[in-house]
Amino acid sequence: MGMYFIFIDSFRRNLPHLFSSPILGPFLLSGTAATLSWWIIWPIENMKSQVQGNFGKDQPLKTRLAMTFREKGVTGLYRGIGPGTIRSFLANGVSMIMMSNAQKLVTKLGLRD
């Protein structure tokens with residue numbers, strides 16, 4: 001989750017004109033930040049899903065990662081990345097639109113400095 005905020009902050013500093021757009025800018029930037037963050041930690045998320053499915057439950061993370069890489073290569077570590085990317089991009093993009101609009105409303109009502 002920390003990576004998401006690092007990406008968002010970087011986007012705000014380097015692409016401020018996109019955040020001024022009421023809908024498209026926040027949607028694209030938040031979706032991109034969340035997706036990049038997921039891509040970084042996806043192999044660990046994949047291993048967590050395997051444990052939840054009782055596959056290699058008694059193996060440590062390092063052993064499970066090595067076994068998956070040995071048997072299936074990099075693609076095995078990133079299994080399911082396509083649907084995860086779509087879900088992440090859409091869900092986080094819409095969430096940022098809602099948050100931006102809520103912040104504007106709270107400011108307009110005088111409930112925020």
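A residue counts as buried when its relative accessible area is under 20%. Keep that cut-off in mind for the close-ups below, which all come from a predicted model.

**View 1. S88, a serine tucked into helix 5.** S88 sits in helix 5, which runs over residues 81-108. Is S88 buried or exposed? Its relative accessible area is 0%, so S88 is buried. And who does S88 touch, once we skip its neighbours within four places in sequence? The contacts are A34, T35, W38 and G93.

**View 2. The largest nonpolar core.** Nine residues make up this core, so look for Y4, F7, I8, F11, F19, L29, A33, A34 and M96. Two elements each give two or more residues to the core: helix 1 (2-14) and helix 3 (24-52). Helix 1 supplies the largest share, with 4 residues.

**View 3. A33 and the residues it touches.** Zoom in on A33, one of the residues of that core. Leaving out residues up to four places away in sequence, A33 touches Y4, F7, I8 and F11.

**View 4. Helix 4 and its kink.** Helix 4 covers residues 61-77, and a straight helix of 17 residues would span 24 Å at 1.5 Å a residue. Helix 4, though, spans only 12 Å between its end C-alpha atoms. Where is the kink in helix 4 centred? The kink is centred on E71, and the angle there is about 105 degrees.

**View 5. The buried residues of helix 4.** Here you can pick out R64, M67, T68, G73, G76 and L77, the buried residues of helix 4. What do they pack against? Their partner is helix 3.

Notes
Residues numbered from 1 in each chain as written. Predicted model: local features only at pLDDT ≥ 70, side-chain atom pairs only at ≥ 80, totals over all residues. Heavy atoms only, no water. Buried < 20%, exposed > 50% of the residue type's maximum accessible area, 1.4 Å probe, protein only. Contact = heavy atoms within 4.5 Å. Core = buried A, V, L, I, M, F, W, Y, C linked by side-chain atoms within 4.5 Å. Expected span 1.5 Å × (residues − 1). Bend = angle between axes of the 7 residues up to and from the residue.
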